Amino acid sequence: GFSMVSVFALLDLLANLCVIQSFASLTVPEVAIISTLSIPSVVLISSIWGQRPKPFACIGALICAVGPIVLYSREILWNQLWKSDKLSGIAFCCSSAFLYGCSNFLSEKALHLEGQATSQFLWEMSLSGLLFSTPCL
């Protein structure tokens with residue numbers, strides 16, 4: 001129902017706020033690359049939920065996880081990442097990727113469980129997002 005959709009909209013709003021906060025110490029390309037971690041998040045959450053991910057989903061998740069590792073490999077190897085001012089931005093961006101993954105997975109589950117029309121679901125999601133985000137403006 002509408003209350004469940006409100007939870008998904010709230011997750012999206014929190015994810016958006018985390019992304020915005022990550023721009024304080026990261027560049028746009030860094031945020032874009034780290035944000036791809038939402039795909040491995042969905043695969044992880046679906047595995048925890050008891051679903052066996054398809055092989056192509058696992059390959060895609062692995063590719064998306066490699067990007068941030070390659071991006072920060074020099075800092076990781078030289079143990080400089082922990083001393084960097086980028087650490088808080090990375091934490092915010094990883095949090096947003098996980099929140100987006102949760103929202104996407106749970107939205108899809110709810111849509112299939114309730115048998116709700118996609119247009120009705122999207123309308124409720126948009127309205128909830130609007131109601132949650134208006135006070136933030």
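What share of the contacts in the chain between residues at least 6 apart in sequence join residues at least 24 apart? The share is 79%, with contact meaning heavy atoms within 4.5 Å. This is a predicted model, where local features need pLDDT of at least 70 and side-chain atom pairs pLDDT 80 or more, while totals for chains, interfaces and linings use all residues. Residues are numbered from 1 along each chain as its sequence is written, and side-chain values use heavy atoms, leaving out hydrogens and water.

View 1. Helices (DSSP H or I, at least four residues) and strands (E, at least two) are numbered from the N terminus. Of the 137 residues, 33% are buried, that is, under 20% relative accessible area. The accessible surface is about 8500 Å², and 71% of this belongs to carbon and sulfur atoms; areas come from the Shrake-Rupley method with a 1.4 Å probe.

**View 2. Leu10, Leu14, Leu17 and Ile20 make a nonpolar surface patch of about 340 Å².** Patch residues have over 30% relative accessible area and no salt bridge, with nonpolar side chains joined within 5 Å; a salt bridge is a Lys or Arg side-chain nitrogen within 4 Å of an Asp or Glu carboxyl oxygen. Ile20 sits in helix H1 (residues 2-22). At a relative accessible area of 58%, Ile20 is exposed, the cut-off being over 50%.

**View 3. Helix H2 (residues 28-35) and helix H4 (residues 55-71) cross at roughly 145°, their axes coming within 8 Å.** Axes are lines fitted to C-alpha atoms over the stretch in contact, and angles run from 0 to 180 degrees between N-to-C directions. Here Glu30, Ile33 and Ile34 of H2 meet Gly67, Pro68 and Leu71 of H4. This contact has four nonpolar, one polar and one charged residues, with Pro counted as nonpolar and Gly as polar.

Conventions. Patch = residues over 30% accessible without salt bridge, like charges linked within 9 Å, V, L, I, M, F, W, Y side chains within 5 Å. Buried < 20%, exposed > 50% of the residue type's maximum accessible area, 1.4 Å probe, protein only.
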